[in-house]
Amino acid sequence: MTNDVAIIGGGIVGLATAHALIEQQPDRRITVLDKERHWGAHQTGHNSGVIHSGLYYPPGSAKARFARAGGEAMYRFCTDHGIPVRRTGKVVVATSIDQLPRLAELQRRGTANGVQVSELDQIGLREREPHVRGVRALHVPDAGITDFAAVSEKLAELLAERGVDLRPATELLGVRRDGSDLVLLTDRGEIRTRRAVNCAGLHSDAVAELAGTTPPARVLPFRGEYYETTSFSRDLVNSLVYPVPDPAFPFLGVHLTRMIDGSLHVGPNAVPALSREGYRWGAISPSHLQRLVTDPGLRVLAKKYWRTGATEIARSALKPLFLRAARTLLPDLRGHHLLRAEAGVRAQAVTPDGTLVDDFLVVEDENWVHVLNAPSPAATASLLIGKDIAARLRSRE
Ligand SMILES: Cc1cc2nc3c(=O)[nH]c(=O)nc-3n(C[C@H](O)[C@H](O)[C@H](O)COP(=O)(O)OP(=O)(O)OC[C@H]3O[C@@H](n4cnc5c(N)ncnc54)[C@H](O)[C@@H]3O)c2cc1C
């Protein structure tokens, strides 16, 4: 039997795509496969759980368009399906006067993106977050928190109810053409399909190559390490506290996140991982290391960001340095409050000239849609990204 669509990758983006496709056309034959035994095993299951509001992204970008509306869709989905979710609001805090122009720029961007955002002076900040130190802050009431792994499990449950063929523990190893069909070669046999969607996250460039496409950007894995605080110190923060991000870098900086279970997480940093799923320094892949050394784009990148990279690596290795970064926001935090927590690895696309791709990146041809860059806020925006991919597939039918 030939499927209408096969989706490679059962993270939140792949599952949301299947959900949008089955909503669009309930009799479609859809398969979702993932190499892991459970859904959302990689980025989707290792993140901050923040429903972003759309504050940071350049107006007109896909991130800006999808984060704002996608966040609202995510709140509705969680509420409708009994998944814990809270619209906690967040503060972005300038800790020194020289950060004020960047804070003002963020406010301008947020307003241009239709995000509700207001300024807080020191007293206003203290009222919301009594232990956080800053000279001025932005308050964004529509940011919130959920558990994207729970969202993925619910999506998989809904897909199973609608008759979608779900295949965990099934890895795509190759692709061949048979007339107008695609034949996906997996470690559990062949899957025939007319169209396919690549939502393989950290492996999306490799899957694009299996499909015969030369991806315009390659995935560079960046590990994000977290500390969790002891339960005695979690009340130091009420909701979500962010520093003013470095505009040259696509990550948000070490922040303080009151997770949906009430725990307080500090992080993530951003260190180059030594394998695609390099959750620890010890997880090293020789082929990835060789790529790091030989890829011309990565060499340009290393030259450009060596100072930031060195600081991040030092913070990763030395807890006191990580603590020092966190204490600029939260001076009452102490080393003995912090316990290492599970890390996540971000799939960040880099072009051959060494540019970190800032926006979502999707390329398509007659048979394939490849999602080649879906970093944060893609979990927030996943339900809308899924609808966008479903619309792309429909437009070529
Ligand atoms: C540390 C960290 C913090 C973050 N914080 C936030 C946040 O607070 N808010 C937010 O909105 N976003 C956040 N993000 C980003 C968010 O997690 C991702 O954008 C989102 O999860 C991407 O989902 P995905 O489905 O594209 O990828 P993934 O969840 O990585 O899924 C890809 C799937 O493809 C599968 N796969 C790969 N290759 C194959 C193959 N050959 N065959 C079969 N299956 C394959 C993998 O097993 C994996 O399950 C964060 C990310 C990280 C790492």
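This is a predicted model: local features need pLDDT of at least 70, side-chain atom pairs count only at pLDDT 80 or more; totals for chains, interfaces and linings use all residues.
Let me begin with the division of the chain. Domain 1 is made up of residues 1–86, 143–217 and 357–397, while domain 2 takes in 221–229 and 268–356. Between the C-alpha centres of domain 1 and domain 2 the distance is 25 Å, and the contact draws on 20 residues from domain 1 and 20 residues from domain 2.

How much area do domain 1 and domain 2 bury between them? The value is about 1,400 Å², with 47% of it on carbon and sulfur atoms. On the side of domain 1, His46, Leu202 and Val357 lose the most area to domain 2, and together these residues account for 43% of what that side buries.

Turning to the polar side of this interface, 13 residue pairs are found in polar contact across domain 1 and domain 2, counting pairs in which both residues have pLDDT 80 or more. If we ask which elements give two or more residues to the side of domain 1 that touches domain 2, they are α6, residues 204–210, and β21, residues 368–373. The residues of that side of domain 1 divide into eight nonpolar, eight polar and four charged.

Now to the salt bridges. A search of the whole structure gives 30 of them, and the count between domain 1 and domain 2 is two. Consider the pair formed by Glu277 and Lys35, whose closest N and O atoms are 2.7 Å apart. Glu277 sits in the loop between β17 and α7 (286–294), whereas Lys35 sits in the loop between β2 (30–33) and β3 (50–51), so this pair ties together parts that are 242 residues apart in sequence.

Three strands make an open sheet, in the order β17-β12-β19, with antiparallel pairing. Its edge strands are β17, at 271–272, and β19, at 344–350, each of which pairs on one side only. Strand β12, covering residues 218–224, is joined to β19 by seven bridges, and these two strands run antiparallel.

Terms used
Residues are numbered from 1 along each chain as its sequence is written. Side-chain values use heavy atoms; hydrogens and water are left out. Two strands pair if DSSP finds at least two bridges between them. Helices (H or I, at least four residues) and strands (E, at least two) are DSSP runs, numbered from the N terminus. Domain bounds come from an automatic or database domain assignment. Contact means heavy atoms within 4.5 Å. Buried area is the accessible area (1.4 Å probe) that two parts lose on being put together, summed over both. A salt bridge is a side-chain nitrogen of Lys or Arg within 4 Å of a carboxyl oxygen of Asp or Glu. A polar contact is a pair of N or O atoms within 3.5 Å; within protein, one must be able to donate a hydrogen and the other to accept it, and residues adjacent in sequence count only if both atoms are side-chain atoms. Ala, Val, Leu, Ile, Met, Phe, Trp, Tyr, Cys and Pro count as nonpolar, Asp, Glu, Lys and Arg as charged, and the others, Gly among them, as polar.
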